Amino acid sequence: MIESGAVKVAIVYYSQTGTVHRLAEAAREGAEMTGAEVRLRRVRELAPAAAIDGKPEWRAHLDATAHIPEATPEDLVWADAILLGTPTRYGSIASQLQQFIDVTGPVWMRGLLNDKVYAGFTASFTAHGGQESTLLSLAHVFTHWGGILVPPGYTDPLQFQVGNPYGASFVGAGGTQPDAEHLEAASYLARRVTVVAGQLKHGRRALTSTSPTTSPSSTRLVEEHAASRNSR
Ligand SMILES: Cc1cc2nc3c(=O)[nH]c(=O)nc-3n(C[C@H](O)[C@H](O)[C@H](O)COP(=O)(O)O)c2cc1C
């Protein structure tokens, strides 16, 4: 049974000093602009208090965003479209977001992350500091989730200015406010993802009665696989 109504978008991110948080807020505004229902969620901070307190901008950002709800796997299940955001950490995903990804096994196993629309966003300190490798790391996750990856490509003239076809991104020291162009790129990505998710959602609704995407035999195979894993 396919739900009708507004497209549901989950924006799940980690930010230590606020840069990725600002991209996430811009993405939320973009998705809302298209009429989507949006959940903005931060993942849980895992670093020890001593490390956080050793960097005043880290502590300040954590305290300033305490009101934003923490992400749960249910937020992903709820959504039609999902954007994940992370600072670049040695060219890859921050461990806080990775930890959240690593507790999605039970919902993934039940097929509850399949067929959603996915995109990523990031920030790094330097232009060649690994934005693409970070965004591609997120793409690996989306692939395992059976997602429909919707990158920005060069689908808007803005993309030729910001120059990242893999996802929204910004180059700046931690805590730097992304400029208007890069905030707009994050908003654009969220708008694009929401529109594509809406097209799929409405198309699926039209096709549900005639074109099932999961055959009875494949459902049985998944259940058998799950049962054999659980018995180990
Ligand atoms: C442990 C650590 C590793 C980092 N690794 C990279 C990196 O590989 N490349 C890079 O350009 N910046 C790196 N950075 C910088 C952050 O990605 C960058 O400052 C980002 O804008 C911070 O985002 P935030 O303010 O949302 O936390 C690293 C920062 C930290 C603390």
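In which loop is the place of Tyr90? Tyr90 sits in the loop between β3 (81-87) and α5 (95-101), where helices (H or I, at least four residues) and strands (E, at least two) are DSSP runs numbered from the N terminus. The structure is a predicted model, in which local features need pLDDT of at least 70 and side-chain atom pairs count only at pLDDT 80 or more, while totals for chains, interfaces and linings use all residues. Residues are numbered from 1 along each chain as its sequence is written.

The chain's secondary structure comes to ten helices and six strands. The predictor's confidence in each residue, from 0 to 100, is its pLDDT; the mean for the chain is 91, and 87% of the residues reach 70 or more. Where pLDDT is low, the predicted coordinates should not be read in detail.

A residue is called buried if 20 or more other C-beta atoms, placed from the backbone, lie within 10 Å of its own, exposed if 12 or fewer, and partly exposed in between. By this count, buried residues make up 39% of the 232 residues in the chain. Strand β1 is largely enclosed by the rest of the structure, because six of its six residues are buried. In a regular strand the side chains alternate between the two faces of the sheet. Both faces of β1 are covered, with Lys8, Ala10 and Val12 buried on one side and Val9, Ile11 and Tyr13 buried on the other. Strands pair if DSSP finds at least two bridges between them, and β1 pairs with strand β2 (residues 37-42) in the parallel sense over six bridges, with Val12 standing opposite Arg41 in β2.

Contact means that the C-beta atoms of two residues, placed from the backbone, lie within 7 Å; leaving aside neighbours within four places in sequence, Ala27 is in contact with Ile11, Leu83, Phe121, Ala186, Ser187, Leu189 and Ala190.

Around the ligand there are 22 residues, of which Ser15, Thr19, Pro87, Ser124 and Gly129 come nearest. The elements that give two or more residues to this shell are α1 (19-33) and β4 (117-124), and the largest share, three residues, comes from α1.

Most residues other than glycine have a negative phi, and most peptide bonds are trans. Tyr90, although not a glycine, has a positive phi of about 50°, and Tyr90 counts as exposed because 10 other C-beta atoms lie within 10 Å. Asp115, in the loop between α6 (105-109) and β4, is also not a glycine and has a positive phi of about 65°; with 15 C-beta neighbours inside 10 Å, Asp115 is partly exposed.

Key:
A residue is near a molecule or strand if its C-beta atom, placed from the backbone, lies within 6 Å of it.
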